[in-house]
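Here is a short tour for anyone meeting this protein for the first time. Have a look at the model, then read on.

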Amino acid sequence: MSVVPADALRGAAPAAEERHATGRPAELGPRARLWPSLVAVYRAQLSRARVARIPLLFVATFQSIGIMILMRGVVDGGGEAQAVVAGSAVLVVAFVALNLLAQYFGQLRASGGLDHYATLPVPPAAVVLGAAGAYASFTAPGTVVTAVFGCLLFGLPMTHLWVLLAVIPLAGAALAGLGAALGLLAPRPEFATLLGQLGMSAALLLGVLPPERMPQLVRLARDLLPSTYGVEAFARTFGERPDWGFVLGDLAVCAAVGVISLAVATWAYRRAAVR
């Protein structure tokens with residue numbers, strides 16, 4: 001036999017009276033707002049993945065640097081060198097934001113981890129954006145190191161490397177949204193891993209290789225890849241007189257694709273969380 005304190009009964013009386021008076025259950029507290037929830041999820045994901053920071057940076061960065069060293073024997077300079085350096089720098093973003101995030105959400109869905117987030121009073125968009133932002137944050141140091149090494153390797157100017165401050169978050173948002181959507185929509189975690197690997201391979205082949213040497217059909221496929229516009233925006237800044245109108249246009253496309261891909265990832269999260 002359990003004993004309930006009299007204070008608890010007296011505290012519950014007002015709620016019961018309110019329910020009888022209005023004819024409906026008493027309202028709960030206000031829902032959590034998007035921005036505070038996003039910051040909380042971002043910090044939690046960042047601290048959770050902090051242990052894997054060094055291996056992630058090492059693999060993503062040295063993979064791109066190795067590709068540039070291999071391409072140095074084929075490409076001498078000019079526009080082709082600009083495409084190689086820009087594509088290799090954005091490839092660091094693709095490795096983490098697309099490939100690893102697809103694997104993370106695929107495993108989270110398979111292990112029932114989405115049930116934990118579903119019980120939290122946070123909007124679905126905060127979960128997707130927080131995880132995507134945490135993973136994309138790891139790409140910034142590796143992207144900068146890759147870009148500086150590539151400029152030194154191919155003799156390109158480093159005057160406008162500051163444009164990476166826009167390329168990294170915009171390309172990261174587009175690729176992170178795509179990676180999260182792939183991981184949440186994949187029926188099994190193995191398929192999420194496969195799709196993430198295929199997406200990163202597409203970013204490698206279509207982003208690093210100079211577009212002038214690609215067939216027309218492959219160029220059309222390249223235009224459909226979100227990271228392409230980040231690569232183009234960065235590559236245009238290596239010229240003596242960059243056309244900033246085209247640079248801003250490429251960044252705007254990146255931003256638009258990022259909004260769409262993150263919206264699709266949020267929808268995929270809601271769909272997966274209710275199952």
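What is the relative accessible area of leucine 185, and does that make leucine 185 buried, exposed or partly exposed? Leucine 185 has a relative accessible area of 37%, so this residue counts as partly exposed.

## The big picture

First things first: this is a predicted model. The protein has 12 helices and zero strands. Read from the N terminus, the run of elements is α-α-α-α-α-α-α-α-α-α-α-α.

There are 275 residues in the protein, and 44% of them are buried.

## Helix α9

Helix α9 covers residues 189-208, which makes 20 residues. From first C-alpha to last, helix α9 reaches 28 Å, close to the 28 Å expected at 1.5 Å a residue.

Which residues of α9 are buried? The list is Ala192, Gly196, Gly199, Met200, Ala203, Leu206, Gly207 and Val208.

## Salt bridges

How many salt bridges are there? The count comes to three.

One of them joins the side chains of arginine 188 and glutamate 190, with 3.5 Å from N to O. Arginine 188 is partly exposed, at 48% relative accessibility. Glutamate 190 is partly exposed too, with a relative accessibility of 48%.

Glutamate 232 and arginine 222 make another salt bridge, and their closest N and O atoms are 2.9 Å apart. This pair links distant parts of the chain: glutamate 232 belongs to helix α11 (residues 227-236) and arginine 222 to helix α10 (residues 216-223), 10 residues apart. Arginine 222 has 5% relative accessibility, so this residue counts as buried.

Then there is arginine 236, which forms a salt bridge with aspartate 250; here the closest N and O atoms lie 2.8 Å apart. Distant parts of the chain are linked again, with arginine 236 in helix α11 and aspartate 250 in helix α12 (residues 244-273), 14 residues apart. Arginine 236 is partly exposed at 31% relative accessibility, whereas aspartate 250, at 10%, counts as buried.

## Aromatic pairs

The structure holds four aromatic pairs. One of these is tyrosine 104 with phenylalanine 105: their ring centres are 5.3 Å apart and their planes meet at 70°, so the pair is edge-to-face. Both tyrosine 104 and phenylalanine 105 are buried.

Why does the pair of tryptophan 162 and tryptophan 244 count as stacked? Their ring centres are 5.4 Å apart and the planes are at 20°, and planes under 30 degrees apart count as stacked. Tryptophan 162 lies in the loop between α7 (139-154) and α8 (164-185), while tryptophan 244 is in helix α12, so the pair ties together parts 82 residues apart in sequence. Tryptophan 162 is partly exposed, with a relative accessible area of 48%. Tryptophan 244 is partly exposed as well, at 30% relative accessibility.

Now back to leucine 185, which lies in helix α8. Together with Ile260, Val264 and Trp267, Leu185 makes a nonpolar surface patch of about 390 Å². Which helix gives the most to the nonpolar patch? That is α12, with three residues.

Patch residues need over 30% relative accessible area. Leucine 185 has 37% and is therefore partly exposed.

Key:
Residues numbered from 1 in each chain as written. Predicted model: local features only at pLDDT ≥ 70, side-chain atom pairs only at ≥ 80, totals over all residues. Heavy atoms only, no water. Helix = DSSP H or I, 4+ residues; strand = E, 2+ residues; numbered from the N terminus. Buried < 20%, exposed > 50% of the residue type's maximum accessible area, 1.4 Å probe, protein only. Salt bridge = Lys/Arg side-chain N within 4 Å of Asp/Glu carboxyl O. Phe/Tyr/Trp six-rings, centres within 6.5 Å; stacked < 30°, edge-to-face > 60°. Expected span 1.5 Å × (residues − 1). Patch = residues over 30% accessible without salt bridge, like charges linked within 9 Å, V, L, I, M, F, W, Y side chains within 5 Å. Areas by Shrake-Rupley, 256 points an atom, 1.4 Å probe, with all protein chains shown as cover.
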